[in-house]
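Q: Could you take me through this model feature by feature, giving the general idea before the particular case?

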Amino acid sequence: MTNPVLPTPPELDALWPEERLIPPPPHLARRAHVPSRSTLAAFRAEDFPHPFAALADLLVWTRPWRTLFDDSHPPFWRWFEGGELNASANVLDRHLPAAHGRVAYHWIPEEESEEPRSLTYGELLERVETLAAVLRDDFGVHPGDRVTIHLPMSLDLPVAMLACARLGAIHSVVFSGFSARACAERILDSGSRLLITADVYRRGGAILDHKAKADETDALVTEGGGRLDAVLVFTRDAERYASPTPLRSGRDHHLNPLLARRRGTRVPPVPRASNDGLFLMYSSGTTGKPKGCLHGHGGYLAWVAATCRWVLDLHPGDVYWCMADIGWITGHSYIVYGPLLSGVTSLLYEGVPHYPDPGRPWRLARRYGVRVFHTSPTALRALRRLAPEGPGLERPPFEILVTVGEPIEPEVWRWYHETVGARRAAVVDTWWQTETGGHILATLPAADPMRPGSAGPPLPGLEVAVLDEEGRPLPPGSKHAGTLVLTTPCPGLMLGLWGDEERYVRTYYGRFNRNPHSHDWRDWPYCPNDGARIDTDGYVRILGRIDDVINSSGHRLGSKEIESAALAVPWVAEAAVVAVPDTLRGQAVGLFVALGPGAPEDPAHVRRTLEETVSARIGPIAHPHHLWVVPDMPKTRSGKIMRRVLAALVAGRDPGDIATLANPEVVSVLAEIVAGEGTARQPPG
Ligand code: PRX
């Protein structure tokens, strides 16, 4: 049996031929944490979980752990059980006083004429303690409380996260580009009573009113039966509240005067149990409702600390720049927790990478002397298209070039390696997920050869397999694609889904676990829902999601979420969302709609309404780049929309067996509409 979503062997060979290995730049080994694989020889997957005990030494504990790996409640694995620690103390206090004056973050405003602002480790701790004092003493935040943070890329964002962590509260950061509705949904699910937000921020040359979203969020929270006690507002400019949306007395609090009153208060870090929650990060899945991935302390922090050494090779004082947004897991693990645990100096950039021109990232990297640079295939595709010459002769001192979030095409990989890195830097393609907390597949920059398009082998101590539809491992070098699984647990893996144990087990373990009563971790392969192919030498190539998740520009979007948004338009009768291959974004959102009574005649009106509704309900990241108005959807006899058929049509693939559809005749009509990018209005079916 084959999986209809995965490419067939001939398609694989055409699209993803096995590439040559490229040796790592030899000079990297001189200074690297892992100069060769033998450095980590103790991390043998066969010895699981014992080698991971060594990772605990990367952290500072207030109480030592007793049980390395607690498997008493499968598959809810717990790491370093019995231990206690505080995350903010691990990323800040531990470096002091030695690193007091070392810059933790250079904040770079989007406008080049505006002065960057820097914050040392000492100053960052002071800001974290001050905000923690406000949260604790003015708003009664307790350990275990959830606090929602809806902030753009400003210094206030890591400060807010770490202030929560200092108090043992669980932060739930919502990406600033998400709509008020998305924010409200997350507040309601997590039961947060506080929202930390900002007045305005800059993006793409515009000043965006962010506070307006907080008002709308609050209204939606109330409508949903929740209640926000307070909305705390940071201002982008120290003294000036710049939003046209006024502060509402009683509910809204301008943070500056509150912080001024508490400045200098020392707030001792609250020790937390290793497996208490540190943060929630909501992620899209196959159903309409985003899942709250709950990450803990010991396992998560140990794993990000380890991967910052092994994969990013960060050393104290290194200059590092990850262009992701802190509002996603990449930013949590590899802009905030990991880099601060490693004691590096990071750039924190407010805006879009190629503003005002595609030379901006290279100018910044040169000016600050960035050694380790971290971005996504989408950003690379855009930079390459806009300015194929890359950084030119005045190259920044890049040694490690990291990519994450989507499959990277070999041509784009080679541009990164040859033009951006002048073949002197290692390219590291890291595969992981919100759920895994940190890297799972990656090459080690000084130790492993690289292969364009392959994320590489699992990290030391872990094991993966690519399974066929019956759950049998495909041999390395197989002509077939299969489903990737992680066959050993990983310390970075989330604790579970907030408030939904059953969904956690079903989503990640339901497919390949054969014995739900087993206490043996070997019976619980973790299924990330990605298709993959395994090379002859065990390197893994990720082919993309095999569930209803679309990866557009590295943003993970649930098809069902976008469909529900479209269905909120009263005259939309049916909606189906599929991924459309896209040369810039990897995948784009393709929306099929069938219209019902009351629909406007004008196709432009239909399009505008759908675009605005999706943007308002989710955010501009879910923008439907393609819209097809169709008379009917392909359906099974039980009335289920066959997205697989739609996906095949938009990708120009054979839709496969359509004989079992209730309405096979519709397929040729749809094929014509797709071929004509037909937004032409069809009469309501
Ligand atoms: O499909 C994989 C893709 O992104 C998904 C995870 O998305 P998210 O939880 O938002 O985390 C993104 C940052 C880690 C995965 O299931 N993905 C992630 N990294 C890669 C990738 N696809 C191919 N290559 C990668 N390096």
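Q: How many residues does helix α3 have, and what span is expected at 1.5 Å a residue?
A: Helix α3, residues 121-138, has 18 residues and reaches 25 Å from its first C-alpha to its last, close to the expected 26 Å. Just after α3, G140 takes a positive phi of about 65°. This is a predicted model, in which local features need pLDDT of at least 70 and side-chain atom pairs count only at pLDDT 80 or more, while totals for chains, interfaces and linings use all residues. Residues are numbered from 1 along each chain as its sequence is written, and side-chain values use heavy atoms, with hydrogens and water left out.

Q: Which residues of α3 are buried?
A: Buried means under 20% relative accessible area, exposed over 50%, and partly exposed in between, with a 1.4 Å probe and protein chains only. In α3 the buried residues include Y121, L124, L125, V128, E129 and L135. Helix α9, residues 329-342, is mostly covered, with 14 of its 14 residues buried, and α9 is followed by G343, whose phi is positive, near 75°.

Q: Which residues have the most contacts inside the largest nonpolar core?
A: In soluble globular proteins, nonpolar side chains tend to be buried together. A nonpolar core is a set of buried Ala, Val, Leu, Ile, Met, Phe, Trp, Tyr and Cys residues joined through side-chain atoms within 4.5 Å. The largest such core has 155 residues, and those with the most contacts inside it are L124, L135, I149, W310 and Y337. Leaving aside neighbours within four places in sequence, Y337 is in contact (heavy atoms within 4.5 Å) with residues including V91, M161, F279, Y300 and H332. A second, separate core of 39 residues includes V174, V221, I550 and A622.

Q: How many cavities are there, and what volume has the largest?
A: Rolling a probe the size of a water molecule over the atoms shows where empty space is left. On a 1 Å grid over the protein atoms alone, a cavity is a set of points where a 1.4 Å probe fits but cannot get out, whereas a pocket is an open set with protein on both sides within 12 Å along at least five of seven lines, and lining residues have an atom within 4 Å of a point. Grid points are joined across faces, edges and corners, and a volume is the space filled by probe spheres set on the points. The count comes to 7 cavities of 30 Å³ or more, and the largest cavity has a volume of about 90 Å³. Of the 18 residues that line the largest cavity, W77, W79, P491, L493 and L495 are the closest to its centre.

Q: Which helix gives the most to the lining of the second largest pocket?
A: The second largest pocket has a volume of about 490 Å³, and of its 21 lining residues, R127, D156, A238, N256 and L259 lie nearest its centre. Helix α3 gives the most to this lining, with 5 residues. Counting Ala, Val, Leu, Ile, Met, Phe, Trp, Tyr, Cys and Pro as nonpolar, Asp, Glu, Lys and Arg as charged, and the others, Gly among them, as polar, the lining of the second largest pocket has 8 nonpolar, 4 polar and 9 charged residues.

Terms used:
Helices (H or I, at least four residues) and strands (E, at least two) are DSSP runs, numbered from the N terminus. The expected span of a helix is 1.5 Å times one less than its number of residues.
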